[in-house]
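My entries follow in the order in which I checked things.

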Amino acid sequence: MALHRRTLLTGAALALAPAARAQERPMGQEDTSQAKPPSHDAPPDTAPGAALEVMRLWPGKPPGGGGPGPDAPRFDESREGVVTGVAEPCLLVMRPARSTGTAMVIAAGGGYRRIDLGHEAVPVGRWLNTMGVTAFALVYRLPGEGWAAGADAPIQDAQRAVRLVRARARRYGYEPNRIGVMGFSAGGHLMGAASTRFASALYRPVDEDDALSARPDVSALIYPVITLKPPFDRTSSRRVLVGESPTRVATDAYSVETHVPPETPPTFLAQAADDPIAVVDNSLLMFAALRAVEVPVEMHLFERGGHGFNLGVPGSPAAAWPGLFATWARRRGFIRV
């Protein structure tokens with residue numbers, strides 16, 4: 001369930017654009033959220049990504065071709081920041097007032113059917129900006145929109161995004177060895193794949209930027225979808241990526257916990273125990289897989305919070321995760337004061 005309330009950013013409550021719908025819902029569950037009238041401090045009546053600098057991922061058509069027609073806009077974004085119709089995957093840039101040398105690529109969720117940019121990626125990017133982190137919101141291809149690469153399309157975009165952000169380090173003022181990824185819900189699945197399958201040759205190099213490493217330096221997965229295997233497979237992500245009746249080979253191929261090499265970057269996990277969508281077993285499976293190959297991992301499980309809590313409703317247990325992540329990242333030297 002998505003929680004559309006004020007979110008605490010470094011001690012100040014800011015009004016966030018409400019998401020148009022929850023990240024994912026169990027099969028058959030309807031959206032019962034009610035639109036709320038705007039308040040005196042409501043955000044401007046514009047899409048959250050509209051004013052952000054755009055960085056194209058690919059110099060031409062993405063690998064494999066397909067997708068929305070050539071006359072389509074780069075992507076469609078609602079006033080609430082819900083993105084569909086991704087014809088041209090890209091990065092939306094959010095720069096801090098003063099860079100402390102770190103960059104983070106953010107993937108919002110949406111069950112691989114949409115991208116909840118306004119609910120997750122933009123507010124999280126602005127929060128990261130307050131710590132001097134340059135944030136890049138990833139607008140990735142949605143497999144169900146006709147891309148020939150299918151379920152590999154968003155992973156190709158994630159690999160390319162890390163390489164491109166690394167290649168632009170000098171231009172944007174951060175260090176090329178301090179580039180992390182952060183993902184929420186289905187975006188957590190995507191960034192989990194980016195953190196574990198960075199060595200997979202999923203596309204042919206298109207320019208000199210593809211000679212750079214696609215391995216993130218840290219990974220943060222927040223209420224992530226990790227596994228597509230039963231009995232934890234009742235998610236939109238599973239249905240979009242591998243279909244209604246997938247083979248065991250397919251579910252293994254796209255279950256993140258089955259592809260965890262020792263080179264996986266240090267990982268931060270956060271999830272609520274009462275999450276009804278990406279059940280808490282997802283984080284438990286990832287934690288176990290990382291421990292098995294001795295990858296540094298820190299996990300925080302909260303009693304309450306549900307799904308789609310973003311930065312956390314003030315006063316709720318899950319609202320602790322941003323501070324815990326900041327402490328972890330600083331302790332590792334990834335974020336500097």
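This is a predicted model: local features need pLDDT of at least 70, side-chain atom pairs count only at pLDDT 80 or more; totals for chains, interfaces and linings use all residues.

## Strands, core and rings

Residues are numbered from 1 along each chain as its sequence is written, and side-chain values use heavy atoms, without hydrogens and water.

I traced an open sheet of 3 strands in the order β4-β5-β8, with antiparallel pairing. Its edges are β4 (76-77) and β8 (115-116), each with a single partner strand, so one side of each has no neighbour in the sheet.

**Entry 2, the 8-strand sheet.** I then followed an open sheet of 8 strands with mixed pairing, in the order β3-β6-β9-β7-β10-β11-β12-β13. Here β3 (53-56) and β13 stand at the edges with a single partner strand each, so one side of each is left without a neighbour in the sheet. From one strand to the next the twist averages 20 degrees. At the β3 end, I found antiparallel pairing with strand β6 (residues 90-94) over 4 bridges, and Val54 opposite Leu92 in β6. Helix α4 (residues 186-196) lies across β7, β9, β10 and β11, at about 145 degrees to β10 (axes are lines fitted to C-alpha atoms, for helices over the stretch in contact, with angles from 0 to 180 degrees between N-to-C directions; contact means heavy atoms within 4.5 Å).

Is β12 buried or exposed? I found that 6 of the 6 residues of β12 (residues 267-272) are buried, so the strand is largely enclosed by the rest of the structure; buried means under 20% relative accessible area with a 1.4 Å probe, protein chains only. Thr267, Leu269 and Gln271 cover one side, and Phe268, Ala270 and Ala272 the other. Strand β11 (residues 218-222) pairs with β12 in the parallel sense over 4 bridges, and Ile222 stands opposite Ala270. On pairing with strand β13 (residues 297-302), I noted the parallel sense over 6 bridges, with Phe302 as the bridge partner of Ala272.

Beyond its neighbours within four places in sequence, Trp321 is in contact with residues including Ile222, Phe268, Ala270 and Phe302. Ring pairs also link Trp321 into a cluster with Trp127, Phe184, Tyr223, Phe268, Phe309, Phe325 and Trp328; rings of Phe, Tyr and Trp (its six-membered ring) pair if their centres lie within 6.5 Å, with planes under 30 degrees apart counted as stacked, over 60 as edge-to-face and the rest as tilted.

I counted 12 aromatic pairs in the structure. Tyr112 and Tyr140 are edge-to-face, 6.2 Å centre to centre with 70 degrees between the planes. Tyr112 lies in the loop between β7 and β8 and Tyr140 in the loop between β9 and α2, so the pair ties together parts 28 residues apart in sequence. Both Tyr112 and Tyr140 are buried.

Methods
Buried means under 20% relative accessible area, exposed over 50%, partly exposed in between (1.4 Å probe, protein chains only). Two strands pair if DSSP finds at least two bridges between them.
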